[in-house]
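Here is a quick walk through one protein model, from the overall build down to a few single residues. Keep the structure open while you read.

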Amino acid sequence: MTGTDLVVVLPGILGSTLRHHGKLVWAPSGGSVLRAVATFGRSVTDLRLPDGIGDDHPGDGVEPDGLMPDLHVLPGLWTPVKGYDRLLDRLPTLGYHETAGPDAPAGNLLPVAYDWRLSIRYTGRWLATLVEPALERWRAQGGAYADARVVFVCHSMGGLVARWYVEKCGGAEITRKLITLGTPYRGAVKALVQLANGMPAALGPLADRFTGFAGSLPALYHLLPEYACLDNGGDLLKTTETILPGLDTGRVADAMRFHTALRDAEAARPASLAATHAIVGTRQPTASTARLAGGRVEPLNTYRGGDWHGDSTVPLVGAARADVGVDSNTLRRVPDKHGNLHRNRAALDEVEGILTAKPVVVRAPEVALWVDVPELVPAGQPLPIQVRLPDGERHGIRITVTDESGRLLDARTPAPIRGAVVTEFTDLPPGAHTIEVTGIRTGSPLAPITATTLIWP
């Protein structure tokens, strides 16, 4: 029956607002991304975690507050991600609602904000203190609710948190399903590049502060690729099989033990595979491997000679469990960017179908676009955009650029040449901008792709 289970929503890294001694220090809201980044930069020294923190809490007065409703990004730490409002608006239409207050009847929708700086092992243990009491309150109604279980709906790193809770903290006994959107099951090369190379120099004085902050985060190390991803003259090495610039070898090894423990626990419990529903982003240019060059890590969009794509952040080769092939029919594929996957209509239709276990018309289009948009561009420089159509396809394309308030800044309908579009937008003001690539007519079979770019002053 729809709505009888408890749905727990977990955002990705950066996706929870944070308070420091009661004061909001990470809470971007509409139209204020640049201001939020600058504000966070002033606090980042206090928020940096101490060396050797491991799987503990620093007791530094930082507490999670809520899920991000709007665009959030720390340039160079992770990809820009849109807010979780659309996902949280969809679930009540399926019969899930939050508890209205301390004296109100129990609800069966639990959005969980967490301190994304900390070890995923720590957060998985902590998650039990919220989920299990909430489930008991919901079950206490009796009747059809007495046997309720938990269904996790997770974006990005939130899926790893839920996996650790389920497999290593006793959550398997009460969990019915694990639904993930863009979760890096086997890690992402993007985390490796960011930890090794540091933040973009375009950030000016903030670059060093953010680099030190990022390097202190156990969670970011847990996002390192578990699979062999380092090009070594044709062979691929794991991160533990070489020395990586800027990375602590002990923490790299610990991150790999994290992935191994999850893999072994899931392999020992076959029911975990049937309960896992992975929705993955596809057809976007995505770093899948890397090579060392000049003391830096250079990302590569190929894996063993082929371009497997991904969601621009999580490569397809890292987007599923080790025991699930990239060609598995159990993966739900949606062409869109990582930062918009949890808002994509086709992805939300998939979530609805899994939750309701009833047929639902999924809005998956027929034609997937490949869209390349930089995440950070200094003010005064053009914003380059590349779009590719599948071989032999001919469709009209519309590209729009809007600012954080939703105001249209520019729109174009360039004609593809040999199946590709290359264009530049100039004179864009500083701030966060949304780029949408769609078809130009109603009913177009093109999958709409949404990306976010920061124009940095």
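## The whole protein

Buried residues make up 57% of the 457 residues in this protein; buried means under 20% relative accessible area, exposed means over 50%, and partly exposed is in between, with a 1.4 Å probe and protein chains only. Bear in mind that this is a predicted model, where local features need pLDDT of at least 70 and side-chain atom pairs count only at pLDDT 80 or more, while totals for chains, interfaces and linings use all residues. Residues are numbered from 1 along each chain as its sequence is written, and side-chain values use heavy atoms, with hydrogens and water left out.

In secondary structure, you're looking at ten helices and 21 strands. These are DSSP runs numbered from the N terminus: helices are H or I with at least four residues, strands are E with at least two. The radius of gyration is 21 Å, close to the 23 Å that the globule rule gives for 457 residues, so the protein is as compact as a globular protein of that length. That radius is taken over C-alpha atoms, and the rule is 2.2 Å times the number of residues to the power 0.38. Along the principal axes, the C-alpha atoms fill a box of roughly 60 × 50 × 45 Å.

Take the contacts between residues at least 6 apart in sequence: 73% of them join residues at least 24 apart. Contact here means heavy atoms within 4.5 Å.

## The six-stranded sheet

Six strands make an open sheet with parallel pairing, in the order E5-E1-E6-E7-E10-E13. Two strands pair if DSSP finds at least two bridges between them. Strand E5 (109-111) and strand E13 (332-334) stand at the edges with a single partner strand each, so one side of each has no neighbour in the sheet. On average, neighbouring strands are turned by 15° against each other, direction ignored. Axes are lines fitted to C-alpha atoms, for helices over the stretch in contact, and angles run from 0 to 180 degrees between N-to-C directions.

Helix H3 (residues 120-139) touches strand E1 (6-10), E5 and strand E6 (150-155), with its direction at about 155° to that of E1. Helix H10 (residues 345-356) touches E1, E6, strand E7 (175-181), E10 and E13, and its direction makes about 175° with that of E7.

## The three-stranded sheet

There's also an open sheet of three strands, ordered E14-E16-E19 with antiparallel pairing. Its edge strands, E14 (370-372) and E19 (420-425), each pair on one side only. E14 and strand E16 (residues 383-388) are paired over three bridges, and Asp 372 has Gln 386 in E16 as its bridge partner.

## Loop residues worth a click

Most residues other than glycine have a negative phi. Ser 156 has a positive one, near 55°; look for Ser 156 in the loop between E6 and helix H4 (158-168). At 1% relative accessibility, Ser 156 counts as buried. Ser 312 has a positive phi too, about 85°, and sits in the loop between strand E12 (296-300) and E13. Its relative accessibility is 18%, so Ser 312 counts as buried.

Leu 316 lies in the loop between E12 and E13 and is buried at 9% relative accessibility. Leaving aside neighbours within four places in sequence, Leu 316 is in contact with Val 280, Trp 308, His 309, Gly 310 and Val 326.
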